Amino acid sequence: MPDTLIEVDELRCSYGHFEAVRGVSLRVARGELFALLGTNGAGKTTMIEVLEGLQRPRGGRVRVLGMDPIRNRKPIRRRTGVMLQDGGVSGQLTVRETVDVWRGLTARPHESAEVIELVGLDRRMQVAVEQLSGGERRRLELALAVLGKPELLFLDEPTTGMDPASRRMTWDVVRQLRRDGTTVLLTTHYLEEAEALADRVAIMHMGRIATTGAPHEVVGGLPAQISFLAPDGTPPPTLPHATVVVGEGRVTYQSSDLQADLTQLLRWASDSGLDLAGLTARAASLEDVLIDIAETDATGREASL
Amino acid sequence: MTGTVTEGTLWRQLAALFRMEMLLLRRNMTSAVLIVLLPLIIGAARLGGSDVGADPSTVVDRTASAFGLIAVIFVHHHLVTVYATRRQELVLKRLRAGLPSDWTIISGAAIGALVIFIVQAAMLAAYGVSVLDLPVPQNPLSILLALLLVGAMMATVSAVMSAVTRSAESAMLTTLPTMALFLLTPGVLVPYGALPATVEKAAWFTPLGPFGDVIRVGWLGVDGESGLVSSLVGTLPGIAVMIGWLALTMLMVQRWFRWEPRTQRA
């Protein structure tokens, strides 16, 4: 049993002249939950579809469970579960019928009722798929992905467009599978999803992995943001760990030490008798990470693993 | 339940796909009427009523023509819509990400329509024997084989044509060229002898060209003589031509079949 379930070296994929993945390498170990983070068009779906064996790479080497995802399709599929970015179920079948049909297409499947309950659709069993909400539909697709008790699970944006309740439920299912030893590769737009679930995160940007590490490492190194409406006539103070930008009526600081800078700012405000309207302070978000990456790219420093 | 019983074998997968198609057909009234009821009515109309003194060979030709019409018009059109719709809903893509092989998915989508086609043919044959005084077929094996080959060919051709079919609605248009081509085959819509002899001879080598012959020889024997073996041998060349075409259309499927909509990656 290999302990590295996914190995990717210098993977390249293109559609016509557009190169969607430009030399990506990564490893996912058994039992790990690995998240590919990135905006639309970053190359996440292309990556995951290559690993699922749905797309042929143009270059590089890919091994899933130690095998080639296209040539060794059959033995791999018996051990993997897949949730596509969207679709895959006929709208006119009911939840129950869909799962029943898929049991016939899956090796060693769970009982239908068992997986339907796992994703919380037990009260919607007789409802046609086209009448489900977006979140319920995604949960049904999740049920199909885990039907065969997979060793390795691919989830392509499992919670995009979901209501908070569905998202929480999906997270619970993923956590439970993790506890049972399932290895998971998921893609997501949401930093908080990666933070909540992943052991390791890779941020993809324009077909490359820009940065990789534990979620807190990836985000932790980035500046936090403090912002408030610019007060009339008073220039904002200089903070020791921050750079400041004033624009569109707002003062925005990028701070590498949020607590120290915020303390100083509030002291300044209180000393000057100012009321800081619209004050917000938050840690870096995916958007910040991506802006940071884009700026790094622009200055010509090649980001790599 | 033991592991081996629930393994994803080919038959279990085909049964699951068949079940999916049947469930979907039950939900879709238009499709159900189009593929189940209408072909029987058209077929019966083609066979006509009791026609005392008619030459059995003429009645068998009419029966073969009825089988051909059902395959070319109804099975073909239905299967193009099936492939196009499953592709549009990304069902094909999702299936491909799972255990079944490419050919299992393609045949699984067609198997429902093929079963219906075979049952319809059996019903029309029974009608011919019981009402139109046709003899019992001498060699049902060749007849069944010819029906399966035509059905399979409709599946492969539909799979290829579905690549240029965006939705169920456009299937009527995209199947027009192939449908017209198959209908022109002597013995399908064009009666024998209507075309110049040389053209008819050449047409025998088209995909459905030998179909009428195989049905006639399978039903009545070679030159009206009885004997299962001589009838089997007599149908072999025709069966061989049809197998050749099936193999060719399978290569076309391998090359041109599309697993996901073109718009997927705008």
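**Exercise 1. State which residue just after α2(B) takes a positive phi, and give the angle.**

Solution. Go to the residue just after helix α2 of chain B: Gly48(B) has a positive phi of about 80 degrees there. This value, like the others below, comes from a predicted model.

**Exercise 2. Check the span of helix α2(B) against its 19 residues.**

Solution. 
1. The helix covers residues 29-47 of chain B.
2. The expected span is 1.5 Å times one less than the number of residues, so 19 residues should give 27 Å.

**Exercise 3. List the buried residues of α2(B) and say what they pack against.**

Solution. 
1. To count as buried, a residue needs 20 or more other C-beta atoms within 10 Å of its own.
2. In α2(B), Ile35(B), Pro39(B), Gly43(B) and Leu47(B) are buried.
3. The packing partners of the buried residues are α3 (56-88) and α5 (102-130) of chain B.

**Exercise 4. Give the strand order of the open three-stranded sheet in chain A, and identify its edge strands.**

Solution. 
1. The order is β2-β1-β4, with antiparallel pairing.
2. β2 (18-29) and β4 (59-64) each pair on one side only, so these are the edge strands.
3. From one strand to the next, the twist averages 20 degrees.
4. β1 (residues 4-15) and β4(A) pair over five bridges in the antiparallel sense. Opposite Gly59(A) in β4(A) stands Arg12(A).

How values were computed: Residues are numbered from 1 along each chain as its sequence is written. Chains are lettered from A and ligands numbered from 1 in the order in which they are written. This is a predicted model: local features need pLDDT of at least 70, side-chain atom pairs count only at pLDDT 80 or more; totals for chains, interfaces and linings use all residues. Two strands pair if DSSP finds at least two bridges between them. Helices (H or I, at least four residues) and strands (E, at least two) are DSSP runs, numbered from the N terminus. Axes are lines fitted to C-alpha atoms, for helices over the stretch in contact, and angles run from 0 to 180 degrees between N-to-C directions. A residue is buried if 20 or more other C-beta atoms lie within 10 Å of its own, exposed if 12 or fewer, and partly exposed in between; C-beta atoms are placed from the backbone. Two residues are in contact if their C-beta atoms, placed from the backbone, lie within 7 Å.
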